[in-house]
Structures are given as C-alpha cells and as structure tokens.
Amino acid sequence: MQQADRQTPSVDIAIVGGGASGVLLAAQLVRKSTLRIALIDRSDHPGLGVAYSTRCRGHLLNVRASDMTALVDEPDHFVNWLARDGGALGPTDFVPRADYGRYLQDLLAQSLERAPRRLQIVTGDVTAVRERPDGVSLDINGQDVALFARRAVLATGHRPPSKDSGAYHGNPWREEAVAGLAPDASILLIGTSLTMIDVLISLMEHGHKGPIVALSRRGLVPHHHPPAPIPTPDADTRDLFTGSLSQRTARFRAKLRAGLGWPGLMQLLRPHNNELWHGLDLDQRRRFLRHLRPWWDIHRHRVAPHIGEQIDAARASGQLSIVSGRIEIGSTTDDKVNVTIIHRGSTEREQRSFDRVVDCRGPRNEVDVRLPLHAQLVKDGLLRPDPLNQGLDIAEDEALMSCDGAPSTHIFVLGPPTRGRYTEIVAIPDIRIQAADVADQLVAQLREPSGLAASPAA
C-alpha cells in the first residue's frame, strides 16, 4: 500500500485513525472532491481497526451482508464485492468479520488508485493536534516534522476496557487474551455482551474444554437474529417519539404485549434510533443508560443465528455459566487471578480463583488524559467530555467542542467517540451515514485544494 515519505506534506484534510470510520470518510472524500487527504494510523495495516482485525473465522458480523455496504449511495457495494471475493456468501448471510476487513482494505486500495498523490497513508501515532488560525498542525510519532492540515477529523475508534496484568487481560481483542491456555483452564469473562461472545467464540475455536464463567451486573446476554430475514412490520410507532421516558417505555411494552415482538419492533425503529435519543432530555438519557440500556442492547445488538446456537449449547452443557453480580479483582500472578464475586441481590462474598480473567466490558470512548492526544487537547482547552461522559463533546455539525463550549472551526469527530451525541454510532450502517455527512460538510467548506506545496508520496 502507498506510504508517505518522512517529509510529510501539507494536506487539506487529516483523518486521525485508519479503522473503519477513517476509511469510510476517506472513500467519501475521494469520490466527492479533489482535496488532498492524509489518513493517519498507528498500524501498518489500515482499514481493519479493532473490529475487523480478528483472524477468528467464527467472529461474524451482527448484521446481514445486504446492510453492510460502506457507501451510502451504493447499497449493493458490499454484496457485489462478496460475489467477487466472498466465496459462496450472499446478501442474507452473516459474513466473517475478517472478510469485512478485507473489504475495507480493498475499498482503501481503490481509493488510493482513484486519487494517486491526493490520498496518502501516514503510519504513526498522532500525539498532538494544535489549532492555528488557518488550520491545525499534527505531531506524529515517526515523522520528523509536523503535518499541517486545513481540517482534521478524529476517527480514533475504540480503546480496550483496561490494562493487562499477568493472567488478567484487559484487552479482549488481542490474540494473547486466549493464548497459552491449558484446554481445561478455568476462565472468567467480565461482561456478558458482544465482547464476551467474541472471546467465547475464540475459546471454542481453540478447542477449549474448561469451565467459563461470564459475569455482569444483570447477567443479560444478547439475543440472536431469526434464521431468515423478517419483513418490516406495518405498525404505527409515532407515540414512542413523544412524552416522558416512562410514558414511552410503557407504550413500548404495550406494543410488545400486543404481539409486535422485539425483532420486528427493533427493525421498525432501526432508522430512527438517534431521533429517539435526541428526543430525550439529559436526565432522561441518564436514566435510560442506567436502567434500560442493558435490555435495549440485548435485543438491538443481536448476534448471528449460528453464534446464538453456540452460546446456547455451551450453556446447556454446563461449560458456560452466566452470573449476575459484581466483582472485585484481588491478587494477580502470571498464572492465577483471585477474585471476589458479590452475587446480585446478596451481600455474601464468594472467593474464587481463575487461570485467566478477560475484561469483556466493551470498548471505551470517553476522554482519557492518560492518552497523549487527549491530554494535549484538554491542556490546550480544545476538548471536553460530553455531558454523559460517553465520548467527546461535539456540536451538531460534528465539530469538536472546546472546554468553554465553543465549536472548533478546524477539528471534527467521527464514529464511536461521538456516541454521547449519537448513542447508536458503533455499527457500519450508522457510521457510513455520518461519514458521508462529514465529507459533504468538509467539501463544502474547503471546496478546492488550497494550493499548498506538497511533497510527493513515496
């Protein structure tokens, strides 16, 4: 893949992060403008990110292929790619995430071919983004000089839940999380949502036979999709968009009791989830996150039918136990982790020891001043958390909000870090819309390349 030389050129737009969000934005900008773009990623393999870097064939997309196009204006783009490069998989299949990673890398390669010398890949970790009157300068590890850009977009994706320590693995997406285990090793997975399922499937693929405990506050596990697609129901949901959270919840439950069913209702609401979210005030959003979000997520973020069957089989055999409660991590060595489990509804403290503990509580997106880039942006007054501390605070046009509440004119945010404003912004069907909108806005602002001198890409 094309790489930038060590004398990094000036560009019109710098995209910080080369995962799915960054690649989708780069593809849109290439198609819609003649602007010069730098896609900056710490990895030597941009296009994969956390979700699609897996090599486990059992890790499947949670959405059927027909709704996984990367491009809003080309709904069959992914399905057509599958017909060429996806073997026997088709529109209704749940495709391995590793294959989707290849699709994103192909999309990036096509973008590079479309825009030789305009789209460049820069490898390195961005440690600072400093605002200037005419744009921003970016410090990048491995680059001798700062990169100047008229606009910067932070598309930094997900971070792991916690840090590794001996037999405790805080990054569930690294292969080391399940490597080196005896077949009968005892394992504790902290969390019972999609990340837990990923680790469980990896263990099964490795032929693990030992006991697995998965623990979360409520012990809720994602449901699975029906074997075949269902038609979108014909039902009136307008009453779910008005009134208090309690009123909306009561109406929601009434529709379920009337026979609409979770899959149908979720499918009906899918295009309008952010509208539902924006209709709640800040207090209602807090209450939703604390009390309702776990139930929403297990129905909203369902897994492929085959994955559901594997989870059910592991539970039926007794290998997988789901526990609701809290956990306290005790002493940790390279071989053991001692924990205390407080079961939900009880004050008794159960002492347990596991050969491996994996933190599966899901990705982090909040402001973290231990990260060099966040620390610099906070120090310079350019960054603050959103009111719910879910991610970075942004304006309606995705502009980064400063500490004093002013939207930046040069720095924008895309993808999972915007989940405080767009709670449903972790999946491709949502991010591709946001990427297209951000691209349109940047093209309208910049219109034509600046004419800045640029050194050629190597």
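Biologist: How do the axes of helix 5 and helix 6 come together, and at roughly what angle do they cross?

Modeller: In this predicted model, the axes of helix 5 (residues 245-257) and helix 6 (residues 262-269) come within 9 Å and cross at roughly 130°. Local features need pLDDT of at least 70, and side-chain atom pairs count only at pLDDT 80 or more, while totals for chains, interfaces and linings use all residues. Residues are numbered from 1 along each chain as its sequence is written, and side-chain values use heavy atoms, with hydrogens and water left out.

Biologist: Why is helix 5 called oblique to helix 6?

Modeller: Angles under 35 degrees count as roughly parallel, over 145 as roughly antiparallel, 65 to 115 as roughly perpendicular and the rest as oblique. The crossing is at roughly 130°, and therefore helix 5 is oblique to helix 6.

Biologist: Which residues make the contact?

Modeller: Contact means heavy atoms within 4.5 Å. Helix 5 contributes Phe 252, Lys 255 and Leu 256; helix 6 contributes Trp 262, Leu 265, Met 266 and Leu 269.

Biologist: What makes Cys 56 buried, and what is Cys 403 called at 38% relative accessibility?

Modeller: Buried means under 20% relative accessible area, exposed over 50%, and partly exposed in between (1.4 Å probe, protein chains only). Cys 56 has 7%, so this residue is buried. Cys 403, at 38%, therefore counts as partly exposed.

Biologist: How many disulfides are there?

Modeller: A disulfide is a pair of cysteine sulfur atoms within 2.5 Å, and by this rule the count is zero. Cys 56 is in no disulfide, the nearest cysteine sulfur, that of Cys 360, being 13 Å away.

Note on methods:
Axes are lines fitted to C-alpha atoms, for helices over the stretch in contact, and angles run from 0 to 180 degrees between N-to-C directions. Helices (H or I, at least four residues) and strands (E, at least two) are DSSP runs, numbered from the N terminus.
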